[in-house]
Every structure is written in C-alpha cells, then in structure tokens.
Amino acid sequence: MRISRIPRRAVAAGAVLAVLLPLSACGDGDDGGSTDASGKIEGKITFQTWNLKANFKPYFEGLVDEFEEKYPGTKVHWVDQPGEGYADKISADAAAGTLPDVVNVSPDLVAPLAKAGLAMDLGKAAGKYEKEYLPGAWKSHQIPGMDGTYAFPWYLNTGPLFYNKRLFKDAGLDADKPPKTYDQLFDDARELAEKSDGKVATLANVPTIEDFGRYGVPLMNKEGTGFTFNDAKGVELLTKYKKLYDAKALDGQALTATPESTGKKFLTEAVAMNPGSALDLEKFKKDAPTLYKNIGITPQISSTGKDNMYVMGVMVNARTKQTPAAVAFAHFVTDAQHQMEFAKKVAIFPSTQGSLDDPYFTQQDGKEETRVRVAAAKSIKTAVNYTPVLFSEQMKVELRNAVARALQGKESPEEALDNAVKNCDRLLKQS
C-alpha cells in the first residue's frame, strides 16, 4: 500500500472500502485449493500490491528477479493497483474468480476473504514460519470465530504526535511540556482555543475506532460476535470531544476531514497537533520551513500504555493452482532480509523477530528523523492494532456518522454510540 504518512485508518492514505456482500457468492471455501505447500516450487503466479509501483518499482522488480533466480522454473507477474478503490477491485476479482495468487492486504480486507474461503490458512500451509514473526504481528491476520492465520505479516507502522511549539507558546502554554495524557490534551486544547478566540484548533480529526481503543474502551466482545464501544468509557470520550467541538478546540471541518486534509491543516499551521511519521519531517523541512523550525515531537497519547500500530500483510489465494510457489513467494516478500531492505527505503518497520534490534532502529545520529524512527521502533514492540479485524469500512462510516450526530448535538453521546453499536452489530451478522 502507498506509504506517504500515517493516516488514521490504515498504513497508507485513503480509506478502505470493505465490500462484504459480493464475497458471499464465492462460497465457504469447501472447494478451495490445497494448503499443501511442500511440493516443488515452480510455475507462474501473480503478485498484487497496493499502490506501491510509483515509488518502489525498482525494489519490487529486483525482488521478483531474485525469487525467480532462486527458484528456476518460476515466473512472477507483478501487478500494482491504485490506492483508491482497492477493496472494490479485490471484491470484484474474488467474485469473478480472478483473484491473484498472492495479494497485499490489510487485516480488515483479509477478513471477508477468509470468511469466503478465499484466503489460505497459512497456519496450516506455512505454520513453520510463525516463529520468524513478532507474535502480535502474526496474530493480526487471525479472524475472530475462525481458526487459522490468513496472511503473512508484512510491514508495520506507527509514529508520534507532532505539535506546533509556536502555537503553544502563543497560547501561554509550555511548549517544552506537551500533553502526555488525555486530560492534559483536552485541557491544553481548550486553552489554545480560548486564547486564540477560537481561531486555532488543536485537533483536526473526530475520534475513530482506534482512538476509542487507545482511550481504553473495550471495542468488541471476546467471541467476536458484537461491539462494545458504547460502554461508559466510550461515552466519556465522546462527551469530552463534544466539549472540544463546542469550544472550537476541534477543527470546524473535522466532521468531513480526511488524512490528507488534516495533514494540510497542520502543514499550514491551522491546527496545533497531528499524528505522523518520520517521513513527515522531510516534508515539513521542504514545504513548511517555518513549521519545521517550531516542530515538537511527542509520543502518542494512550490510556493503555500501548501505541496504535498499523499492519499490512501478504495473503495467498486459497484457490491458487501453484500453492508451493505462492506460499514460498509470500514468505519471501515478508522474510526478515527483505523486510529490512524495504524498511530502509521508507519509514516503515519490519514485523520479523529481531529486526527492530538492528542498529538502524536503535542508534541515534543526532537527526530528528532518526529520533522519530528509533522512538517508534521501540514503541512498536508493544503496540497493538486497535482496529478490530471485523470492523469494516461500512462500520467505520456508521461510527463516524454517530460521532457527527453527537458533536452537532443531534443525539447525546450515549444515544449516538448505542445506535452505532446496533448498526455495526447488524452489519457484522450480515457478513
């Protein structure tokens, strides 16, 4: 998937449209291919990535050449799909029986494919490789209510909160002491809004499912059969956001914001804080030198003690005719050597055991970009993917609409979240 900055919903920019219903026509997996990957590695397979060709064409062409050289008799056809409409493309291919052999997916994309019997259980086909990956990463593509793991973990991402020191100073706040807790964040946000007569908002986003997770809200029951983010703690968080919205401490366009638009708001110094990654520092230096001179860097705010982590994976089509080659290539893409090579080309983090102990992720060199990378690598060892695997894009829309109704005063936070849970549970049963 395209990697430019850390969005709030995925590793890459753009929302994922999880299209569940068309996949139901694909069956339950009873007529799927073999999970026996022990045969000779040969034949032609197709590998699909998610908006990576523009920036990383040489890397992937080299990866394919290396695999074909290692396994004579194999041929890998690499295709890359645009970021926008990627899930629609996967859904259409799944329904038509033209899904590629090896596919770049996120956990919420692999869930409907696994339920439709189209994602191979790599616990069965390639369980011997499990020990190569971080436990949390391996579990990230497991589906509640189903046995198995349905994608190799690929790259991970997380990052800090950036803040504008000048805006903090102008509001009379200590720019060297950014908020570390939610209470401090909300207090500072109201102070910034008050001192600027509502002209400077601190945040540009409404809370998403991951924000509820970081706040310590239980998101789903253990059985994976229902959502629980409407509990007292969830209502508490939304109530606090309502107060921010009323005080103009939340940007006025937050209800319709996208990751790109919020990034631009921060870039133009219209909001005081925004999540990001080490990649953003180069952008700030180039496109917003005044902001760069006043940039502050602080860890994510979390009530759980664990940062949010974005996860990408590589799944194998359960109906591939070339199981040994497809499994071998999916593992090849995600093994420690190749993940490390990819990580040094872009600000992402390997999901393989021991990789984060490499000096590249542990040693400082005085550069701000390195400081962010080292801090993020440390946090990612304990970070979790707060977004439930079964939380589809349709459910994200339901939550977003509910949050909007609460912030606008059309429903109380409790009513809004109750309705969101009711609608999300209905969608869950339909899937």
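Rings of Phe, Tyr and Trp (its six-membered ring) pair if their centres lie within 6.5 Å; planes under 30 degrees apart count as stacked, over 60 as edge-to-face and the rest as tilted. The model is predicted, so I noted that local features need pLDDT of at least 70 and side-chain atom pairs count only at pLDDT 80 or more, while totals for chains, interfaces and linings use all residues. Residues are numbered from 1 along each chain as its sequence is written, and side-chain values use heavy atoms, with hydrogens and water left out.

I searched the whole structure and got 31 aromatic pairs. F67 and F332 are edge-to-face, with 5.3 Å between centres and 65° between planes. F67 sits in helix α1 and F332 in helix α13 (residues 323–334), 265 residues apart; helices are DSSP runs of H or I with at least four residues, strands are runs of E with at least two, and both are numbered from the N terminus. Both F67 and F332 are buried (under 20% relative accessible area, with exposed over 50% and partly exposed in between; 1.4 Å probe, protein chains only).

Next I checked W154 and F342: their ring centres are 5.8 Å apart and their planes at 15°, so the pair is stacked. W154 is in strand β4 (residues 152–157) and F342 in helix α14.

Last, I looked at where α1 meets α14. F56, Y59, F60, L63 and E66 in α1 contact Q337, H338, E341 and F342 in α14, contact meaning heavy atoms within 4.5 Å.
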